[in-house]
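Student: I would like a close look at one part of this model. Please take me through how the pieces of one chain are laid out and how they meet.

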Amino acid sequence: MGTCGIAAGARGVMKALTEELEKSDAKDVLLSISSCAGLCSREPMVTIEEQGKPAVKYVDLTAEKARKIFSEHVLGGRIVNDCALAAGSERTL
Amino acid sequence: MPHITNVMICTCTNCISNGALDIKDSLEAEIKQQGLQDDVLVVPTGASGLCVNGPILIVQPDGIFYQKLKSKDIANLVEEHFLKGRPVKKLMYVPPGEESPIPELRSIPFFKDQRLIALRNRGVIDPDRIDEYIARDGYKALAKAVTSMSPEEVIKEISDSGLRGRGGAGFPTGRKWESRRKDTRTPKYVVCNADEGDPGAFMDRSIVEADPHSVIEGMAIGAYAVGASSGYVYIRIEYPLAVKRIQKAIEQAREYGLLGKDIFGSGFDFDLQVFKGAGAFVCGETTALVASIEGRIPEPRQRPPRTTLWGKPVVINNVETWANVPVIISWGAKWFSEIGTEKSKGTKVFSLAGNINNAGLVEVPMGITLREIVYNIGGGIPRNKEFKAVQTGGPSGGFIPAGFLDLPVDYERLAEAGSMMGSGGMVVMDEHACMVEMARYFVAFTNDESCGKCTSCREGSYALLGILNRICKGEGKEGDIELLEELGEAIRDASQCGLGQSLPNPVLSSLRHFRDEYEAHINEKRCPAGVCKALIRYTIDEEKCTGCTRCAKNCPQEAIIGEPKQPHKIIEEKCIKCGVCMDACKFDAVTVV
Ligand SMILES: Cc1cc2nc3c(=O)[nH]c(=O)nc-3n(C[C@H](O)[C@H](O)[C@H](O)COP(=O)(O)O)c2cc1C
């Protein structure tokens with residue numbers, strides 16, 4: 001949720017995820033914001049971090065795609081290939 | 001030179017019977033077509049073991065596996081993967097048991113060559129939660145500095161690291177701190193310059209939005225080093241989200257005792273406040289910035305004497321400079337100074353914008369070439385257009401042409417090429433950019449933003465703009481080029497602050513590298529890029545026009561006539577040269593002459 005993400009529609013994605021999370025009753029899911037991840041031209045982006053697995057970055061999202069990612073990946077554990085960019089983390093330091 | 005990428009194509013009997021040789025031929029042809037033959041080598045190999053899914057390709061060093069290829073897939077594959085650096089998921093092999101063919105993040109060219117120091121927490125933490133910053137070693141460097149290092153040791157560490165200011169001029173940070181440390185007047189101040197007024201630049205905004213605590217921690221360390229107990233974050237009001245995030249971060253740091261009295265029980269006191277600027281470009285200049293904080297008109301003044309705030313010593317550093325400080329204290333000067341070039345250490349954040357596939361924010365080690373930034377990280381120019389120039393340093397910088405693409409990016413090299421590092425805006429231009437018009441755009445900006453104090457800057461920019469306007473309108477005269485050069489040099493020499501001193505740069509650098517474009521405008525009344533409206537005409541090619549009527553339907557001026565299925569024609573008197581017809585035509589029949 002940096003300026004670039006918000007301009008591309010991140011608020012709608014966030015709202016969809018908040019609603020899905022509330023509906024799902026899941027107790028082990030934490031929804032959190034972060035800011036610009038660098039690839040502004042592919043915003044809105046979402047990163048799913050599951051314990052013990054490489055984080056997965058999704059790009060070019062809409063509220064609809066976000067709902068799909070929530071049910072298939074967050075709840076179902078299956079990566080949604082059509083909107084996934086890559087898995088893993090960037091080189092820091 | 002070795003090839004950057006090797007494409008292993010399996011040419012076992014099985015794959016050949018599946019068409020591997022055809023695939024190999026189309027691959028090689030396509031690679032050549034895209035001009036990638038020096039970067040990508042096609043290597044025939046023996047059986048890979050998965051040949052039931054053949055023909056098979058393995059791309060090294062990425063380790064990406066493509067299967068069941070058909071000749072018709074190749075053009076798209078070469079363009080997407082080798083040119084733009086986006087592996088084509090639908091052609092990838094999925095190992096049994098693994099559900100995901102998604103590539104490793106660090107194998108994607110956009111991310112591969114980046115190294116995050118200032119942006120170390122981007123996209124991974126919630127900027128509104130101090131705990132997340134702390135969980136990633138946040139405020140550890142501040143603890144180390146105030147509890148185990150003397151101020152002199154902190155300054156030595158920063159000096160030895162080779163850190164130079166990221167706000168434009170590249171002044172050695174350690175040296176700046178040392179001079180303020182030695183100044184005996186008190187109290188002292190530290191300021192973060194988050195004014196960021198250059199068009200096309202968004203590095204500092206992104207850092208403050210993504211990781212505000214990195215700036216606060218850096219400032220606290222700097223304050224300890226120079227002996228300051230209060231500071232300001234000077235940020236433009238046009239950055240509302242960044243303002244909100246930094247304000248919240250300051251409150252949280254206070255709550256945690258990381259700002260305030262007796263930080264870490266060391267006896268060191270430091271607090272910070274946000275100062276919202278009204279958003280004038282000149283307010284980023286240090287003497288104007290302090291005038292603005294003091295409530296005066298933000299007019300720069302002659303230096304020396306050194307900039308002061310309320311008549312007291314002040315350290316002003318850029319957002320990115322501050323964000324680097326905690327890492328240097330944690331990891332040490334030696335570690336930091338091993339990154340980069342001889343005189344430019346560490347990394348630099350650039351905002352990539354303009355005609356580029358991957359627009360965004362990138363952090364790269366100093367010394368990386370412009371070519372790597374534009375083509376690998378940036379993914380090249382959209383629709384395979386020709387690269388023309390990259391503009392660095394914003395309105396104070398210059399244009400760097402294709403011949404300099406292999407230039408390593410550091411403070412000295414960019415200056416030698418007639419541009420400057422500036423704060424990190426990088427605007428890429430393709431063949432359809434007119435350099436005279438671009439120079440005119442930047443001069444119009446600086447003319448507008450000139451505070452008006454120095455005649456050379458106020459009137460000089462006005463005069464430059466007048467000449468450039470004339471040239472773009474086709475009213476250029478012999479002698480204009482020489483006049484632009486003479487005027488440019490005079491403005492540079494006679495202005496007090498960096499705004500005036502650097503405003504001729506876009507003109508002088510475009511004259512240096514693209515003089516022929518000025519000459520075409522002036523002597524032949526022609527705009528080679530087809531941009532300057534007074535010098536161009538749109539026409540419809542009768543041979544290519546199918547009479548589909550799309551252009552006529554889209555023309556806002558009803559300036560296009562013609563019967564359906566018959567070639568159309570543009571009525572020149574009505575045409576406003578908006579280019580809508582050209583975009584609408586599916587047959588490339590509309591051209592600019
Ligand atoms: C017209 C003008 C505008 C400037 N704008 C900025 C700015 O927006 N941000 C910035 O950090 N430095 C800006 N600078 C450079 C500052 O004057 C100063 O060099 C810098 O903030 C010092 O910090 P550093 O050593 O960390 O780079 C500007 C300079 C000029 C002449």
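Tutor: Chain B is divided into five stretches by an automatic or database domain assignment: domain 1 (5-105), domain 2 (130-332), domain 3 (347-425), domain 4 (435-523) and domain 5 (537-592). The model is predicted, so local features need pLDDT of at least 70 and side-chain atom pairs count only at pLDDT 80 or more, while totals for chains, interfaces and linings use all residues. Residues are numbered from 1 along each chain as its sequence is written, chains are lettered from A and ligands numbered from 1 in the order in which they are written, and side-chain values use heavy atoms, with hydrogens and water left out.

Take domain 3 and domain 4 of chain B. Their centres, taken over C-alpha atoms, are 22 Å apart. Domain 3 of chain B brings 14 residues to the contact and domain 4 of chain B brings 16 residues; contact means heavy atoms within 4.5 Å. The two domains bury about 1200 Å² between them, 65% of it on carbon and sulfur atoms. Buried area is the accessible area (1.4 Å probe) that two parts lose on being put together, summed over both.

On the domain 3 side, B:Lys388, B:Pro395 and B:Phe399 lose the most area to domain 4 of chain B, together 54% of what that side buries. B:Lys388 also forms a salt bridge with B:Glu517, with the closest N and O atoms 2.6 Å apart. The rule (a side-chain nitrogen of Lys or Arg within 4 Å of a carboxyl oxygen of Asp or Glu) finds one salt bridge across this interface.

Which elements of domain 3 of chain B give two or more residues to the side that touches domain 4 of chain B? They are strand 13 (387-392) and strand 14 (398-401) of chain B. Strands (E, at least two residues) are DSSP runs, numbered from the N terminus. That side of domain 3 of chain B divides into six nonpolar, six polar and two charged residues. Here Ala, Val, Leu, Ile, Met, Phe, Trp, Tyr, Cys and Pro count as nonpolar, Asp, Glu, Lys and Arg as charged, and the others, Gly among them, as polar.

Now the partner chain. Chain B gives 43 residues to the contact and chain A gives 36 residues. Chain B and chain A bury about 3100 Å² between them, 56% of it on carbon and sulfur atoms. B:Ile102, B:Leu105 and B:Arg106 supply 18% of the area that chain B buries against chain A, more than any other three residues. The rule finds one salt bridge across this interface. A:Glu90 and B:Arg122 meet in a salt bridge (2.7 Å, N to O).

Technical notes
Helices (H or I, at least four residues) and strands (E, at least two) are DSSP runs, numbered from the N terminus.
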